[in-house]
Amino acid sequence: MSDKIKNIVNTVMLLLIVVGFFAANLILPDGEISASERRALKQKPEASASGLLEKRFYADVEEYALDQFLLRDAFRGIKAFSAYNLLGLSDSNGIYLSQGHVFKTDFPLSEENIVRAANRFNLVCDTYFEDKSMSVYYSVIPDKNYFANGHLKYDYGRLLQIMDENVNGMAYTDLFGTLTVADYYRTDLHWKQESIALVAQKLLASMGKGGVIPTNYAPHTLEPFRGAYFGQAAIPLKPDILTYLTNGTIDGARAYYHAFSPQDGAVRIEMPVYDTDAFGGVDPYSLFLGGPKMIVELENPQNPGGGELYIFRDSFSSSLAPLMLEGYSKITLIDMRYIRYSLYEMFISFTPGSDILFLLNTQALNYSAMFQ
């Protein structure tokens, strides 16, 4: 075969591949969810005469094309493999591997957001708790990056200093020395429930519940658990095992979440403490108290005189709250990312004399602009 014919054949094959990919992308239906990345995929933007003149439309088209590209996950894997193994890079799109764990860069520290978080804590206290004899505490959960070796991470000491300088009249409980990287999932940002009993005990002791030591847990395992970073890493990784704990108190607990219905207004809906059906969904960590919810209540009928605890929290407390339930008759969790502070009393009647705990992880504080 002559060089000329070889060139023609190669050109035709290349054109067939390009045309084939283009045709396949046009014909195949668009996906809605990326299971590996645990997020919604960009859908086709609607074209209009006015929209065609806006830059945002073309940016949407580009995002749509990237999200719906045929064999997208395979190409992501090739890119990540090349970055880690061929180019010797420490990360791929902000995801990096160290100590057998997957980490995600969260840098730099936003001092403005830390101050905003402290001020929001103060605002909530001034609005709701000033005249109710509440005992107010706060604590900070170190994100997994705190334990990373030799990678970009912010000054955690400075973060804690800013919080200390700006919160008003709240007792602080340090958790940084209670945890290690082994207490977190390898493929996720969250801590393991089976590793945080000491965290629960330390927080209970700081709020005068030192005599309450949750024990006699029965572990239950589900696998494979592919955490939030599993798909983002885009390379083959060994999944985690998710363990959830039960005992007599947790088994006897009742859980509810609050929602808003246009027809009925504020509604209170019962749910399981551990939603095992959610383990098979897009976010398996939603097994713990049903995942993202603006307000969740846990009731402990076995301790009717234990008082109440209100936790202003993020997703980390979903697995922690059941372990603290022995110390209280009721725990209410309020996620500041999903409900405006001015609407709390639409769903909650704060009981005088209760305990208040502001408990968020460092990444949530560093992005406190999310707080409603």
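A: Here is a walk through the salt bridges, pair by pair. This is a predicted model, where local features need pLDDT of at least 70, side-chain atom pairs count only at pLDDT 80 or more, and totals for chains, interfaces and linings use all residues. Residues are numbered from 1 along each chain as its sequence is written, and side-chain values use heavy atoms, with hydrogens and water left out.

Take a salt bridge as a side-chain nitrogen of Lys or Arg within 4 Å of a carboxyl oxygen of Asp or Glu; the count then comes to 9. One of them pairs K132 with E345, at 3.7 Å from N to O. K132 sits in the loop between α4 (111-128) and β6 (135-141) and E345 in helix α10 (residues 344-347), so this pair ties together parts 213 residues apart in sequence. (Helices are DSSP runs of H or I, at least four residues, and strands are runs of E, at least two, numbered from the N terminus.) E345 is partly exposed at 47% relative accessibility; buried means under 20% relative accessible area, exposed over 50%, and partly exposed in between, with a 1.4 Å probe and protein chains only.

Next, R254 and E299 meet at 3.4 Å, N to O. R254 is partly exposed at 37%, while E299 is buried at 17%.

Then there's D335 with R337, whose closest N and O atoms are 2.7 Å apart. D335 is buried at 1%, and R337 is buried at 18%. Finally, shared partners join R254, R268, E297, E299 and K330 into one salt-bridge network.
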